[in-house]
Every structure is written in structure tokens, then in C-alpha cells.
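Please look over the sequence and the model shown here.

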Amino acid sequence: MASQEDIFKKVVSHCKEYGFIFQSSEIYDGLSAIYDYGQNGVELKNNIKNYWWKAMVQFNENIVGIDSAIFMHPKIWKASGHVDSFNDPMIDNKDSKKRYRADDLIENKIAQYENKGKTDKAKKLTDDLTKCLQESDLEGMYNLIVEHEIACPFSGTRNWTKVRQFNLMFGTQMGSDVEEAETIYLRPETAQGIFVNFLNVQKTGRMKIPFGIAQIGKAFRNEIIARQFIFRMREFEQMEMQFFVRPGEEMKWFEHWKNERLKWHLAMGLGESKYRFHVHEKLAHYANAAEDIQFEFPFGFKEMEGIHSRTNFDLNQHQQFSGKKLQYFDPELNQNYVPYVVETSVGLDRTFLAVMCASYKEEEIVNGDKTDVRVVLALPAFLAPVKVAILPLMKKDGLPEKARQIMDSLKQEYSCAYDEKDAIGKRYRRNDAIGTPFCITVDHQTLEDNTVTIRYRDSMQQERIPIDAIENIVREKLKVGVKEVKLVV
Ligand code: GAP
């Protein structure tokens, strides 16, 4: 059986081979931890975005969306705490010249202890690391690396620099005059664009607390080590929602959103056992509660989404730094206050990766006297880049024309692909590999009685159906995802 590591490698090469993801600037040897989405990738990504937007904005009367700019006033990042404390502890190996996150090196050591059954050592090191992280004790982290004889995976040596803080924000200059140019930052999260628009949206939308503002957009972080493909990137996309509530009610809403968000993930059908909650040991400076929804990637359970109770920290900070009031008048309480905020923040690229990893399958097919392997992307049907492939059995006898007619009637609603090249079996396999849930084959009988065969990706079953029935079948099978997400009022 293929190891998880092998499966991950296969998913990565499948993404490239079938036009889902390419290394950015590949012909110039690439740019580290930056990726481009190809012709199938962009469709899958847009479908995930739509699924999130529908579940959050369309299904909730009290949530609206915005699209704020990537560049924002530099004071915003001072107010949010990102200029001073959005750091990771880094360490360099002097021999290999490789740079690492110090906490990552220590966590790997903990995993090694656990794998060897040295649970006491693992527990003690976990406690020591947690303490160092809580106290931002860089020297303490360095001492743990030395004490536990942690070596560089490349050089194998323990010739380390001291541990230093590394700010993760990318800065750039705004303004044409070099003397007066100002440093501004590429946003490291989309959330701040929501906070600074809180009153604009509340007033113009006549929103009543509790209400939410949602946003999908790019975020940028100068990650020290960026690895595991699109899991940790320097340019990525977030889908975030800030839910504004009465002070004192935040824990109720925190629980509510934890449940709702888990349901959203589960409705994709990637498998219940692949998800778990993880409680944060070290709370960010703005939070009074935080949990992650983790997903079991081939490289282990890792964070996919964060649900944070952010108190009134951000709005208070922006009030203070901007000098503008960011308060809400609550007509029921007859009182002004700065709302508390519960945030849900999920990585779009990580969701994409989870979907790809869980959907990639190699199946042995026994065909008469030979066995072969079918590579199939068993994507949730509603997320598939191509929903219906239309395949004329032959390139003659009026079959292409009939197939085009069917395609024209379906393409208003569904993304369709027309394919007449190669034998029909090859075309089925090509569509399996990109996750197309339905293939419609047009043959000579179609011309006689207006029926086609529909082939289902997962079962490979085929049935003969009237052309008129195609749309109903496709519509029914594509409903699943959104239907299972319960509405919040
Ligand atoms: N506004 C809160 C916030 O940004 P976060 O936990 O730092 O919280 C939220 O990020 C989500 O964004 C993560 O759960 C993850 O899915 C995604 N994310 C964060 N850094 C990422 C990176 N370097 N590459 C890809 N996705 C990332």
C-alpha cells in the first residue's frame, strides 16, 4: 500500500499534470511558496468560494459581504498589533544556511519522542515549549534546541544561530517621491478590512447586532519556512467572517459558530473522522477563546480554520488609533457599546488541498483478463471543475452536431466540456482524473430516439436515459453540499 507521503507526492503531481496548480514563474525556476491555479484549479477554487459565500452570506439574513482593498493605512497594522507582534521565532543553521522556525524544530522533536514511545520526554518538552511561546522566551527556545540535541535535517549539525523574531508582514513603498515614500503593508489577514468598515456597513446596511461581515480575499505572509505545497504559502486566500455581538454574549456565539463551521466542512462529505477541534494553548493577544478545525492531511492533522473570540480588542484599538468612535447604539438596551467579535477564518487554499487529498484515489479495475489502475478524483460533485462532459462516440454521422446541441442546452447552468478525441474509454479516464461526475455519450441510437448514455464517475455505471432527463439527474446530484448546511437566523 502506498504510504501517506507517496500519496501526497502523487496529489502534488496530479495537480500539475491535470491543470489544477502550477508553480508560479515556473519557466524562471519558480518562486518559493507561490503558486498559480490552472484551468481546472480556478474552477474548483471558485466553486469552494461560492459554497462558502452561499453558506455564510446568502443563507444568513444577518451576514453581508464586502471586498476591501489589500493595501490599507499603515496605522491599521500598528493598531491591530501586527507591526509589533506578528512574529515567528526563527533560527539559522550556519552550515546548511537553512532557516527554520524554532518552534517547528522543537515540535518535530516532540513527534520523534512520541513515535519512539518516549511519552514522558514528549510531554515535558511540550510543556517547556508552551511556556516559551507564552512568554515569548527566545533564549528559552534556543536552550531547548541545544538541550535536546536537535540537528539541522540538511547538514546534520547543531551549529545554530540564536533564535530571533521575524516579522511576517511584507512591506512596500507607496508614493513616487523616494524621500517621502511611505512603507505600507500587504495585508496579512483580510479581517482588518472588515473591522475598519464596521460602521460603514452597519449604518448603510441598517444592520442590528448580532450581525456579520464576510470577505474572501488575498493575504500575504513572509513565512519563514513555506512547505507542504499550498498548505503554507506566502500569498494565499482567506474566507473570513467577523460576527459582531453584545459584550458578554461572545461565548454563546463562539460555540454557535464552531458548530456551524464544522457542519460546513462535513457537508462536503470528505469523511467525518478527518476533522477534529484543537483548543489553542497560547491565545493570540486579541482573543479570549480560540479553537481550530483541523483536517487530517497526508502529513497529519493540521489547522484548516480558526474560530476566535476576539473580544472588542480590534475595534477598541482602531477607535484609539483613528480617534473615531466605533460604537453601536443598541436600541433594545438603550445603550452604546463597542461590540465583541467572533471570527471564523478558513484558508481557501487549505480547503482546496483537503478536497484534493481526500478525493484522489487509485482503483484497481479488473477487466476481463487484465487489471489496470484507474486514477479518479472523487470530488464532491458540486465542487467539480467540469460537471458534465459531452462525448460523441464518433466524429462523424451527425454525432458531433447532436452532442453540441446537448452541450448548448446544458452550458447555461453547468460547466460542460466537449471532447471528441481518442477512444471513449480514454475520454472517460481523462474525465475521471479531473473529477467530472457525469459523462454523456452520444451515439447512433441518440439520433434515432433522443436517448444518451450517462456514465457516473464513482460507480462507472452507465444507463440509457432520454436527453430531457439529463438536467434533472445532474441537478439532483449537485444539490448535496449546500442543502445540508443549516440556516442560521
Ligand atoms: N484573521 C485571523 C487569521 O488570519 P490565522 O489562523 O492566522 O487567523 C486563518 O489564519 C487561516 O488562514 C488558517 O486557518 C489557514 O487556513 C489560513 N492560512 C494562514 N496562513 C496561511 C499560509 N501561510 N498559507 C495558506 N493558508 C494560510
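A residue is called buried when its relative accessible area is under 20%, exposed when that value is over 50%, and partly exposed in between, with a 1.4 Å probe and protein chains only. The model is a predicted one, in which local features need pLDDT of at least 70, side-chain atom pairs count only at pLDDT 80 or more, and totals for chains, interfaces and linings use all residues. Residues are numbered from 1 along each chain as its sequence is written, and side-chain values use heavy atoms, with hydrogens and water left out.

The salt bridges come first. The term stands for a side-chain nitrogen of Lys or Arg within 4 Å of a carboxyl oxygen of Asp or Glu. Across the whole structure, a search finds 35 salt bridges. One of them joins D92 to R164, with the closest N and O atoms 2.4 Å apart. This pair links distant parts of the chain, since D92 belongs to strand β4 (residues 87-92) and R164 to strand β6 (residues 164-167), 72 residues apart. Helices (H or I, at least four residues) and strands (E, at least two) are DSSP runs, numbered from the N terminus. D92 counts as buried at 12% relative accessibility, whereas R164, at 35%, counts as partly exposed.

A second salt bridge is formed by the side chains of E362 and K10, at 3.1 Å from N to O. Because E362 lies in strand β17 (residues 360-367) and K10 in helix α1 (residues 4-17), the pair ties together parts that are 352 residues apart in sequence. E362 is partly exposed, at 39% relative accessibility, and K10 is partly exposed with a relative accessible area of 31%.

What is the distance, N to O, in the salt bridge between R455 and D432? It is 3.0 Å. R455 lies in strand β22 (residues 451-456) and D432 in helix α14 (residues 424-434), so parts that are 23 residues apart in sequence are tied together by the pair. R455 counts as buried at 4% relative accessibility, and D432 counts as buried at 0%. Elsewhere, salt bridges that share partners join E189, R310, D314 and E343 into one network.

R101 is located in strand β5 (residues 99-101) and is buried, with a relative accessible area of 13%. Its side chain is joined to that of D88 by a polar contact of 3.4 Å. Such a contact is a pair of N or O atoms within 3.5 Å; within protein, one must be able to donate a hydrogen and the other to accept it, and residues adjacent in sequence count only if both atoms are side-chain atoms. Leaving aside residues up to four places away in sequence, R101 touches D88, P89, M90, E223, I224, I225 and R232, where contact means heavy atoms within 4.5 Å.

A polar backbone atom of M233 is 2.8 Å from a nitrogen atom of the ligand, and a polar side-chain atom of E303 lies 2.5 Å from an oxygen atom of the ligand. On its own the ligand has 550 Å² of accessible area, of which the protein covers 93%; such areas come from the Shrake-Rupley method with a 1.4 Å probe, and for residues only the protein chains shown count as cover. The largest share of the shell around the ligand, six residues, comes from β13.
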